[in-house]
Amino acid sequence: MSTPLTRFTADSLPVEVYASEADLGRAAAERAAATIREAVRQRGAARVVIATGNSQYAFTDALREQEIPWDRVTVFHMDEYVGIAADHPAAFRRWIRERIEDPFAPAAVHYIDGSATDPEAECARYEAELRSLPLDLVCMGVGENGHLAFNEPHQASFDDERWARVITLTRRSREQQVGEGHFATVEDVPATAISLTVPALLAAKAVQVCVPEQRKAPAIAATLNDPITPACPATILRRSPHATLFLDPDSASKIDFRR
């Protein structure tokens, strides 16, 4: 079992720092596998929400090393661009298909249809599917501006009654997508997306937040040191003892431990 270099609690949030991105991914995969196996043992099935993006590669790669009863697992994802085709290189549906559905063959995968002619109706449909049975595990990251899924600074609601909404991406989020190589220019990034809300992301029995890389260090420092407000949506994690934040030395490098 992977052992962290250090662990501490930020308010109510357990935080674990691992020696490398690979170690972080392996630890998160071990934890996810155990959570899924326990859900299957108790109820015969598990329901899991999985984030997409470059920061999740080490985690999803490490899932291949784990014993997981995928034939009992239903998978959801947490956001998708509005107006983008499922086979677009940057589509989150494609990411989930290539990195989760194809290699693991879970029992079911429920996709957000970014091509839906009525995005609001698609939000309602996906929300109903999410709420139909309890969620066992959410695996997510933190954006460079502190967003969770696409719940943007100053737009996120910590007590939203909805579980899925159409949101407007900030320029910082669109720039992140360009920086990660998903689009050529900011103008190419869709302006809106369907995103699970903060209450939906925190509704699962267990929440795992994997955040490697130096480029995420300012967001992690804000997450752990700033006031808990929608100005930095990820700060709400500090009120979430059922969550665990997985870091590497790069992403943890700007934390003010004197706080």
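Mentor: The largest nonpolar core has 45 residues, and those with the most contacts inside it are Met78, Met140, Leu196, Leu237, Leu245 and Leu247. A nonpolar core here is a set of buried Ala, Val, Leu, Ile, Met, Phe, Trp, Tyr and Cys residues joined through side-chain atoms within 4.5 Å; buried means under 20% relative accessible area, exposed over 50%, and partly exposed in between, with a 1.4 Å probe and protein chains only. Among the elements that give two or more residues to this core are strand E2 (13-17), helix H4 (119-131), strand E9 (192-196), helix H7 (217-225) and strand E11 (243-247). Helices (H or I, at least four residues) and strands (E, at least two) are DSSP runs, numbered from the N terminus. H7 gives the largest share of the core, four residues. A second, separate core has 30 residues, including Ile36, Ala46, Ala62 and Leu137.

The model is predicted: local features need pLDDT of at least 70 and side-chain atom pairs count only at pLDDT 80 or more, while totals for chains, interfaces and linings use all residues. Residues are numbered from 1 along each chain as its sequence is written, and side-chain values use heavy atoms, with hydrogens and water left out.

Leaving aside neighbours within four places in sequence, Leu247 is in contact (heavy atoms within 4.5 Å) with residues including Val15, Val17, Leu24, Val211, Ile220 and Ile255. Glu16 is also one of its contacts.

His77 sits in the loop between strand E4 (73-76) and strand E5 (79-81). His77 is buried, with a relative accessible area of 1%. Not counting residues up to four places away in sequence, His77 touches Leu196 and also, among others, Val49, Phe92, His110 and Tyr126. The side chain of His77 reaches the backbone oxygen of Asp79 at 3.2 Å.

The largest cavity has a volume of about 240 Å³. On a 1 Å grid over the protein atoms alone, a cavity is a set of points where a 1.4 Å probe fits but cannot get out, and lining residues have an atom within 4 Å of a point. Grid points are joined across faces, edges and corners, and a volume is the space filled by probe spheres set on the points. Of the 20 residues that line the largest cavity, Thr52, Gly53, His147, Ala149 and Gln176 are the closest to its centre.

Definitions and conventions
On a 1 Å grid over the protein atoms alone, a cavity is a set of points where a 1.4 Å probe fits but cannot get out, and a pocket is an open set with protein on both sides within 12 Å along at least five of seven lines; lining residues have an atom within 4 Å of a point. A polar contact is a pair of N or O atoms within 3.5 Å; within protein, one must be able to donate a hydrogen and the other to accept it, and residues adjacent in sequence count only if both atoms are side-chain atoms.
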